[in-house]
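Here is a brisk report on one chain. It moves from the overall fold to individual side chains.

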Amino acid sequence: MGKFSFGMLSAVMTGVLLLAAVHTFAQDAEWVYRQQMEKARADRQNGKYREAATAATRAFLLADELENVRKARNLAIELSISANAAAKNSGIPFKGPWSVQILKEEGVLLLFERGTICRRFDLSLGKGFSVPSGEFKVGAKLGYPNYELNGTLYKMGSVGNTLGSRWIELRNADGIPVSGICGESTLKPERAEKPLFFSLKNADINEIFGLLAEGSEVKVK
């Protein structure tokens, strides 16, 4: 009985210590997040726009550890985009490299320039099997693509082609195509099929199409 009680007590104490550690970690993440956001605001006010964007993006990356993840993300995203817009307006050129992060739950695609968030686009999701999470590389890129499914070719603008004006292939670590980012169907909504992949407005994918080179990083969360 004594051994059993001691074992139960040890398990309880271990659980308490783990919960305390998790709580402490969350508090630390919250503190660092706030510090980075304060630095970003101060840098932006002082005209240090790229430094502000870097601090805001660091805060964005910490948001996953916070209680209100979505709110914390949005605040950091808006601040980074604002700082980068101010940098561009002040004459600081954007040269890349460019990368992308997709937030599936929010339905958002974030465009990064030199590791900082500079643009945000609304995103539609395809069926579950075609929207994996993970880290990918940009593969083939096609303008005004045709679409082949089960041996049937659907030309651009025809019923069955859901790819819109552009196609950006996503490849996994083994170089195998697993999904993609596409435009929206050019058909009227009542005739258009739901997208099978990550879908942007055609104007938006046209914008990022020229920025993302083959091999650019794409992270899906």
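Two strands pair if DSSP finds at least two bridges between them. Helices (H or I, at least four residues) and strands (E, at least two) are DSSP runs, numbered from the N terminus.

## Basis of the model

This is a predicted model: local features need pLDDT of at least 70, side-chain atom pairs count only at pLDDT 80 or more, and totals for chains, interfaces and linings use all residues. Residues are numbered from 1 along each chain as its sequence is written, and side-chain values use heavy atoms, with hydrogens and water left out.

## Overall fold

The protein chain has four helices and ten strands. Along the sequence, the pattern reads α-α-α-β-β-β-β-β-β-β-β-β-α-β. Of its 221 residues, 39% count as buried. Buried means under 20% relative accessible area, exposed over 50%, and partly exposed in between (1.4 Å probe, protein chains only).

Contact means heavy atoms within 4.5 Å. Take the contacts between residues at least 6 apart in sequence: 57% of them join residues at least 24 apart.

## The sheet

Eight strands make up an open sheet of mixed pairing. Their order is E3-E2-E1-E10-E4-E7-E8-E9. E3 and E9 are the edge strands, each pairing on one side only. Strands of a sheet pair through backbone hydrogen bonds, either parallel or antiparallel.

E7 (166-171) runs antiparallel to E4, with five bridges joining the two. Lys137 has Arg171 of E7 as its bridge partner. Five bridges also join E7 to E8, again antiparallel. Here Arg171 stands opposite Pro177 in E8. E7 and E8 form a hairpin with five residues between them. In the turn, Gly175 has a positive phi of about 80 degrees. How enclosed is E7 by the rest of the structure? Largely, because five of its six residues are buried.

E8 and E9 run parallel and are joined by two bridges. Ile181 stands opposite Phe198 in E9.

## The helices

H2 (residues 49-62) has 14 residues. From first C-alpha to last, H2 reaches 20 Å, close to the 20 Å expected. The expected span of a helix is 1.5 Å times one less than its number of residues. Buried residues in H2 are Arg50, Ala52, Ala53, Ala55, Ala56, Thr57, Ala59 and Phe60.

H3 (residues 69-89) has 21 residues, which should span 30 Å; its end C-alpha atoms are 30 Å apart, in agreement. Its buried residues include Arg73, Ile77, Leu79, Ser80 and Asn84. Several alanines are buried too, among them Ala72, Ala76 and Ala83. Just after H3, Gly91 takes a positive phi of about 100 degrees.

In H4 (residues 202-209), Asn202, Asp204, Ile205, Ile208 and Phe209 are buried. Seen down the axis of H4, these buried residues fall within an arc of 160 degrees, so they line one face of the helix. The arc is that of the directions from the helix axis to the C-beta atoms. Strands E2 (108-113), E3 (116-122), E4 (134-143), E7 and E8 are among the elements that cover the buried residues of H4.

## Aromatic pairs and charges over rings

Rings of Phe, Tyr and Trp (its six-membered ring) pair if their centres lie within 6.5 Å; planes under 30 degrees apart count as stacked, over 60 as edge-to-face and the rest as tilted. That rule gives four aromatic pairs. In one of them, the ring centres of Trp167 and Phe197 are 4.9 Å apart and the planes are at 70 degrees, so the pair is edge-to-face. Trp167 lies in strand E7 and Phe197 in the loop between E8 (177-182) and E9 (198-199), so the pair ties together parts that are 30 residues apart in sequence. Both residues are buried: Trp167 at 12% relative accessibility, Phe197 with a relative accessible area of 13%. Ring pairs link Tyr147, Trp167 and Phe197 into a cluster.

A charge sits over a ring if NZ of Lys or CZ of Arg is within 6 Å of the ring centre and within 35 degrees of the ring normal. Which rings does Arg166 sit over? The charged end of Arg166 sits over the ring of Tyr144, 4.9 Å from its centre. Arg166 also lies over the face of Phe209, at 5.2 Å from the ring centre.

## A buried loop residue

Thr162 is in the loop between strands E6 (152-154) and E7. With 4% relative accessibility, Thr162 counts as buried. Beyond its neighbours within four places in sequence, Thr162 is in contact with Cys182, Gly183, Ser185, Glu193, Lys194, Pro195 and Leu196.
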